[in-house]
Amino acid sequence: MTKLDVNKRILSKNEELAEALKEGFDRDRTLVLNFVSSPGSGKTTLLSQILVELQKTYTVGVIEGDLQTDFDAERIRAAGIPAVQVNTNGSCHLEALDIEKAMVAFGKLDLLIIENVGNLVCPSSYELGEDAKVCMLSVTEGEDKPAKYPSMFHVSSAFIINKTDLLPYVDFDVQKCRDFALGVNPTLDIFETSCKTGQGLDEFIGWIAAKIRRKKGE
Amino acid sequence: MHEVGIAQSLMDVVFDTAKNNGAKKVNKIFVKIGRLQAVESSSLMFAFDALKDGTIAEEGELIIENVPLTGKCMDCAHENIFEQIFMQCPKCGSSAVQILTGEELQITEIEVD
């Protein structure tokens with residue numbers, strides 16, 4: 001019987017590849033944002049609306065992660081934005097290897113958006129070489145989600161409360177939701193958005209644009 | 001349910017380590033799982049048992065140490081174990097709490113023949 005010291009992160013293979021991807025993105029000065037949420041919170045709709053604006057100034061690409069279908073990539077492409085679909089075939093999150101493979105479709109970008117598989121748990125453990133994670137919640141999901149699924153809110157830099165046009169019809173306490181989220185992560189930048197009324201979209205576009213400019217060294 | 005993926009990654013690290021050290025059989029695997037990782041021990045155990053069949057870890061035992069979430073207040077230096085992930089210092093009420101433990105997802109050592 002021999003004891004062997006290992007002292008290695010279990011996901012070290014993914015983390016090493018994510019680190020290599022990050023070095024490449026940093027060299028190219030590409031801002032990479034990893035969008036995470038439960039299914040149906042409105043990631044794809046929000047992205048197609050804000051990226052149309054950002055694309056007027058910046059070179060943008062999207063990697064779409066889903067278990068099956070290329071519906072989401074089609075929707076992003078329909079908005080005139082280059083998109084690659086990755087099907088995880090049952091796996092509940094994207095891994096760094098998926099990003100490495102998908103990147104061959106793109107030239108040099110100012111902004112790469114990764115829309116992760118809809119899931120508020122697993123994607124928080126898998127680094128993809130991103131600069132920041134953005135987590136999203138729609139008001140139909142309940143204000144207590146940041147307390148129930150804290151890991152995702154803990155590792156994110158921004159938090160979007162989406163579908164605010166539905167607030168008159170649901171019992172969703174925005175202030176409570178903000179408090180829960182800030183309790184888990186006091187540094188979160190929080191946005192309230194509606195893709196129906198356009199509320200908050202300019203503000204969020206501004207947040208991304210400032211990050212792109214910083215990454216480009218402008 | 002990402003425990004299967006995590007169990008697979010765990011096996012990869014174990015097999016690499018065993019191979020590099022000329023081991024024939026893996027008897028015990030010690031891991032640390034931090035509370036913030038949202039990994040369910042029983043699910044990880046189940047996935048490990050399913051994956052180990054037919055490998056050098058077939059008779060191996062997975063020993064999981066669950067690491068609590070602890071933090072240190074940046075304002076008053078009080079250290080505390082947090083049951084919830086609302087990291088507010090119970091002594092002075094500050095939200096500026098630095099995480100000390102709870103983010104682990106680590107293989108510490110293995111026992112081999």
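## Close-up views of a predicted two-chain model

**View 1. K216(A) and its contacts.** Setting aside neighbours within four places in sequence, K216(A) touches R29(A), Y58(A) and D110(A). With D110(A), the link is a side-chain to side-chain polar contact of 2.8 Å. This is a predicted model, and that goes for every view here. K216(A) sits in helix 8 of chain A, which covers residues 201-216. Its relative accessibility is 26%, so K216(A) goes down as partly exposed. Look for D26(A) in this view too: 190 residues separate it from K216(A) in sequence, yet the C-alpha to C-alpha distance is 9.2 Å.

**View 2. D26(A) and K22(A) on helix 1 of chain A.** Staying with D26(A), we find it in a salt bridge with K22(A), where the closest N and O atoms are 3.1 Å apart. Why are the two about one helical turn apart? Because they lie 4 residues apart in helix 1 (residues 12-28) of chain A. Both ends are partly exposed: D26(A) has a relative accessible area of 35%, and K22(A) has 23%.

**View 3. D72(A) and R75(A) on helix 3 of chain A.** Here the side chains of D72(A) and R75(A) form a salt bridge, at 3.5 Å from N to O. The spacing is 3 residues within helix 3 (residues 71-78) of chain A, so about one helical turn lies between them. D72(A) is buried, at 12% relative accessible area, while R75(A) is partly exposed, at 41%. Elsewhere in chain A, salt bridges with shared partners tie K22(A), D26(A), D131(A) and K215(A) into one network. Over all chains, the structure holds 20 salt bridges.

**View 4. Strand 3 of chain A and its two partners.** Strand 3 (residues 60-66) of chain A is mostly covered, with 7 of its 7 residues buried. In a regular strand, side chains alternate between the two faces of the sheet. In this strand, V60(A), V62(A), E64(A) and D66(A) point one way, G61(A), I63(A) and G65(A) point the other, and all are buried. Strand 3 runs parallel to strand 5 (residues 111-115) of chain A, joined by 5 bridges, and V62(A) stands opposite I113(A) there. Strand 3 also pairs in the parallel sense with strand 4 (residues 83-87) of chain A, over 5 bridges. In strand 4, V86(A) is the bridge partner of G65(A).

**View 5. Strand 7 of chain A and its two partners.** Strand 7 (residues 158-162) of chain A is mostly covered too, with 5 of its 5 residues buried. A158(A), I160(A) and N162(A) point one way and F159(A) and I161(A) the other. Strand 6 (residues 132-138) of chain A pairs with strand 7 in the parallel sense over 5 bridges, and V134(A) has A158(A) as its bridge partner. Strand 8 (residues 189-192) of chain A also runs parallel to strand 7, with 4 bridges joining them. In strand 8, the bridge partner of A158(A) is D189(A).

**View 6. Where chain B meets chain A.** How much area do the two chains bury between them? About 2,700 Å², 60% of it on carbon and sulfur atoms. Chain B puts 33 residues into the contact and chain A 27. Across the interface there are 13 residue pairs in polar contact, counting pairs with both residues at pLDDT 80 or more. On the side of chain B that touches chain A, the elements giving two or more residues are helix 1 (3-20), strand 1 (26-34) and strand 6 (105-112). The residues on that side split into 16 nonpolar, 10 polar and 7 charged.

View 7. Strand 1 (residues 2-9) of chain A pairs with strand 6 of chain B in the antiparallel sense, over 6 bridges. D5(A) stands opposite E109(B) in strand 6. There are 3 salt bridges across the interface, and one of them joins the side chains of E109(B) and K3(A) at 3.4 Å, N to O. K3(A) also meets E111(B) in a salt bridge, at 4.0 Å from N to O. That pair crosses from strand 1 of chain A to strand 6 of chain B. K3(A) is exposed, at 54% relative accessible area, whereas E111(B), at 9%, is buried.

**View 8. T70(B) in strand 3 of chain B.** T70(B) belongs to strand 3 (residues 69-73) of chain B, and its 14% relative accessibility makes it buried. The side chains of T70(B) and T101(B) make a polar contact of 2.7 Å. Beyond neighbours within four places in sequence, the residues in contact with T70(B) include F82(B), Q98(B) and L100(B).

Note on methods. Residues numbered from 1 in each chain as written. Chains lettered and ligands numbered in written order. Predicted model: local features only at pLDDT ≥ 70, side-chain atom pairs only at ≥ 80, totals over all residues. Heavy atoms only, no water. Buried < 20%, exposed > 50% of the residue type's maximum accessible area, 1.4 Å probe, protein only. Polar contact = N/O pair within 3.5 Å; in protein donor to acceptor, adjacent residues only side chain to side chain. Contact = heavy atoms within 4.5 Å. Buried area = accessible area lost by both parts, 1.4 Å probe. Nonpolar A, V, L, I, M, F, W, Y, C, P; charged D, E, K, R; others polar. Pairing = 2+ DSSP bridges.
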